[in-house]
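Morning, everyone. Please bring up the structure, and I'll walk you through salt bridges, the surface and a pocket.

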Amino acid sequence: MRRLLLALLLSLAPAAGQAQSEPHAFLFGSWTGGLMPPTREGRTACLARPTVIFTRDIVLHVTLLDPTYQERIIETVRATPDGVEFRFRPVARPQGPIARLAGAGFGCGDPNVLRVQRLAGGEIAFPGCIDFPSPLVSCMDQ
């Protein structure tokens, strides 16, 4: 009986010990581009001025008129056939004529949702996001 129990535990150990990889793990780190075509001046230059930073729990991004990083807390991430979809902790939509420039979202319509499309050559894009019309390139791949 002990051998059977030990064999069962050993067979389950690798599955229990392996951490599930987050669907957005390929995004972790700093990215350049998006607002304008990405710079390809090397890793140091890219890390000096990234446009978007992805972590496990937070997405930081700059806007065209505000170089300070806007922080969005991730609620869920769902894998899609060509990338991932983020749902952020809701923020109130800013009101007024310059509301879109407030930086809460990515210019994608709903400020609490971001779809990331994986492109060839290590690039990504935010489809339908008017604030990020250009692709982004990972600083780690430069």
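One definition to start: a residue is buried when its relative accessible area is under 20%, exposed when that value is over 50%, and partly exposed in between. Now apply that to Glu 85. Its relative accessible area is 6%, so Glu 85 is buried. Keep in mind that this is a predicted model.

Which residues does Glu 85 pair with through salt bridges? One is Arg 78, with the closest N and O atoms 3.4 Å apart. Arg 78 is partly exposed, at 47%. Another is Arg 87, where the closest N and O atoms are 3.3 Å apart. Arg 87 is partly exposed too, at 38% relative accessibility. Shared partners link Arg 78, Glu 85, Arg 87 and Arg 115 into one network of salt bridges.

The structure has six salt bridges. Among them is Arg 40 with Glu 123, at 2.4 Å from N to O. Arg 40 sits in the loop between strand 1 and helix 2, and Glu 123 sits in strand 7, so this pair ties together parts 83 residues apart in sequence. Arg 40 is exposed, at 55%. Glu 123 is buried, at 18%.

Next, the surface. Met 36, Leu 64 and Leu 65 make a nonpolar patch there, with about 370 Å² of accessible area together. Leu 64 lies in the loop between strand 3 and strand 4. At 63%, Leu 64 is exposed.

Last, the largest pocket. It holds about 250 Å³ of space. Its lining has 14 residues, and those closest to the centre are Leu 35, Met 36, Arg 49, Thr 51 and Val 62. The lining splits into eight nonpolar, five polar and one charged. Met 36 also belongs to the surface patch.

Key. Residues numbered from 1 in each chain as written. Predicted model: local features only at pLDDT ≥ 70, side-chain atom pairs only at ≥ 80, totals over all residues. Heavy atoms only, no water. Patch = residues over 30% accessible without salt bridge, like charges linked within 9 Å, V, L, I, M, F, W, Y side chains within 5 Å. Areas by Shrake-Rupley, 256 points an atom, 1.4 Å probe, with all protein chains shown as cover. Salt bridge = Lys/Arg side-chain N within 4 Å of Asp/Glu carboxyl O. Helix = DSSP H or I, 4+ residues; strand = E, 2+ residues; numbered from the N terminus. Buried < 20%, exposed > 50% of the residue type's maximum accessible area, 1.4 Å probe, protein only. 1 Å grid on protein atoms, 1.4 Å probe; cavity = no way out; pocket = protein on both sides within 12 Å on 5 of 7 lines; lining within 4 Å. Points joined across faces, edges and corners; volume = space filled by probe spheres on them. Nonpolar A, V, L, I, M, F, W, Y, C, P; charged D, E, K, R; others polar.
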